[in-house]
Each structure stands twice: as structure tokens, then as C-alpha cells.
Amino acid sequence: MTTVAAATAPGFRPTHVVPGAGLPTWESPDTGRPSAPLDPFLPVELVDRRGDWGRVRCANGWSAWVDGRLLVAVPQSPPLAGAPLARAEDPRPFLARAEEVLDRYRLAAESLAAGRADGETFRGRTRGLRMGIVVDGEAVWLYDAEHERWLYCDGTRLSTYAAGSPPEAERAERAERATRAGPVEGGGGV
């Protein structure tokens, strides 16, 4: 486990905290070169992004690559707070999608409860619906079913809170390696 030294690196300003379970690290944005894991709740500064990968710097100056989607944003403005928001960071499309999914489920449930639909019809109308939302005052957590991740919203921007799949860059790299390797003897696939 990595521990924070007593001295703080010059210019260190934590932007995130490591999740409660700790976080594996890598020397580069490639899962083939693992490094020392980070301790739970360790403050880190996100200094670079490559797809889902994030390079973090610890208070003692040590840096490593992590699955940036798993970092927990600290409740203060990041260094680039004045920059315009990227479209993916705008919470409104996710809120609208959550409203749409909930409305479709509510209509199907009302039809079932009123006897206008049977169980099979209800299952058909709700098949494929997935959403999650937690509202706690000004904080909102939204589930993005398309990318299998939870997003945290402070009212103006989104940041990934937790994800259930490997970083996007890793998946793309594995697919590229499989393509270069060509077909596998015996008919196996990727």
C-alpha cells in the first residue's frame, strides 16, 4: 500500500479521493504494467486523462495511472473549473433519460395495477429498462446504463463515481491486439 509522506509535493492540490476499497495502479495506461495500489480515501490530484485512464499524483509526488472513473471527486472546484463543460459532463441529458425511463415504468405499472395489462405484457413493456438515481439534497448520483457506471452530479457537472467495466482504452487496446494477431487456430475468438 502507498502511504503519504509527511512532506507535500509543491503545488499539490487534491482533486479526488481514492474509493473506500483502495485502487490498483499502473505505470502506464496499460494493465500489463501494474504498480503499487493506493490506500483507501487517499487524497490525489488528477493530472492527466486518456480515455477512462487517469494519471494521479499523490501528496508525496509519486504518480501512477488508475481507472479514472473510480476516483471520487472532492467537494471543491477542480483547477479548470472555469472551462466550458464538455457535452458528456452536462447532467441534463442523463436527468432527462432517467425521467423517461421512470415514466415508461410508471405507465406499465399503472396498466398492470388497473388490470389493463397482464404480467407478460408488463414484462414486455419494461424489458431493457435500467436506471438508478439517488437524490440527497444538492448531490445526485445517476446510473448510466449505456456505459455501466454511476455518475455524481453537483448540479452543474458530472463525474464518474464508480464503473463496472475496465477502462475504455484497455478494451480498445485488447481488440486492436486481437486484430493484429489474426485468427486463433481452432476457431477460438476474442
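Thr-31 lies in the loop between strands β2 (23-26) and β3. The structure described here is a predicted model. In this model, Thr-31 counts as partly exposed, at 31% relative accessibility. Thr-31 is 35 residues from Val-66 in sequence. In space, the C-alpha atoms of Thr-31 and Val-66 are 9.5 Å apart. Val-66 is in turn one of the residues of the largest nonpolar core.

The overall architecture was examined next. The protein chain contains 3 helices and 11 strands. From the N terminus, the order of elements is β-β-β-β-β-β-β-α-α-β-β-β-β-α. The protein chain has 190 residues, and buried residues make up 30% of them. Its accessible surface comes to about 11,700 Å². Carbon and sulfur atoms account for 55% of that surface. Contacts were also sorted by sequence separation. Among those between residues at least 6 apart, 51% join residues at least 24 apart.

The largest nonpolar core comprises 9 residues. Its members are Val-18, Leu-23, Leu-38, Leu-42, Val-44, Val-56, Cys-58, Val-66 and Leu-71. A second core is separate and has 6 residues. Among them are Val-140, Leu-142, Leu-151 and Cys-153.

Strand β3 spans residues 34-38 and includes Ala-36. Ala-36 is partly exposed, with a relative accessible area of 33%. Ala-36 and Ala-64 are 28 residues apart in sequence. Their C-alpha atoms are 8.7 Å apart in space. Phe-41 lies in the loop between β3 and β4 (43-50). Phe-41 counts as exposed, because its relative accessibility is 59% and the cut-off for exposed is over 50%. Most residues other than glycine have a negative phi. Phe-41 is not a glycine, yet its phi is positive, at about 65 degrees.

The helical pair was then considered. Two packed helices are described by the angle between their axes and the distance between the axes. Helix α1 covers residues 92-113, and helix α2 covers residues 119-126. Their axes come within 9 Å and cross at roughly 175 degrees. The two helices are therefore roughly antiparallel, since the cut-off for that class is over 145 degrees. On the α1 side, the contact involves Arg-104, Tyr-105, Ala-108, Ala-109, Ser-111 and Leu-112. These residues meet Gly-119, Phe-122, Arg-125 and Thr-126 of α2. By class, the contact has 5 nonpolar, 3 polar and 2 charged residues.

Tyr-105 is placed in helix α1 and counts as partly exposed, at 41% relative accessibility. Leaving out residues up to four places away in sequence, Tyr-105 touches Phe-122, Thr-126 and Leu-129. Phe-122 and Thr-126 belong to α2. Leu-129 is 24 residues from Tyr-105 in sequence. The C-alpha atoms of Tyr-105 and Leu-129 are 7.8 Å apart.

Val-134 is found in strand β8 (residues 133-136). The relative accessible area of Val-134 is 41%, and the residue is partly exposed. Beyond its neighbours within four places in sequence, Val-134 is in contact with Ala-139, Val-140 and Trp-141. Of these, Val-140 is a member of the second core. The C-alpha atoms of Val-134 and Tyr-152 are separated by 9.5 Å. Along the chain, Val-134 and Tyr-152 are 18 residues apart.

Asp-144 lies in strand β9, which spans residues 139-144. Asp-144 counts as buried because its relative accessibility is 5%, and buried means under 20%. Asp-144 touches Phe-94, Arg-149 and Leu-151, with residues up to four places away in sequence not counted. Leu-151 is also part of the second core.

Notes:
Residues are numbered from 1 along each chain as its sequence is written. This is a predicted model: local features need pLDDT of at least 70, side-chain atom pairs count only at pLDDT 80 or more; totals for chains, interfaces and linings use all residues. Side-chain values use heavy atoms; hydrogens and water are left out. Helices (H or I, at least four residues) and strands (E, at least two) are DSSP runs, numbered from the N terminus. Buried means under 20% relative accessible area, exposed over 50%, partly exposed in between (1.4 Å probe, protein chains only). Contact means heavy atoms within 4.5 Å. Accessible areas come from the Shrake-Rupley method with a 1.4 Å probe; for residues, only the protein chains shown count as cover. A nonpolar core is a set of buried Ala, Val, Leu, Ile, Met, Phe, Trp, Tyr and Cys residues joined through side-chain atoms within 4.5 Å. Axes are lines fitted to C-alpha atoms, for helices over the stretch in contact, and angles run from 0 to 180 degrees between N-to-C directions. Angles under 35 degrees count as roughly parallel, over 145 as roughly antiparallel, 65 to 115 as roughly perpendicular and the rest as oblique. Ala, Val, Leu, Ile, Met, Phe, Trp, Tyr, Cys and Pro count as nonpolar, Asp, Glu, Lys and Arg as charged, and the others, Gly among them, as polar.
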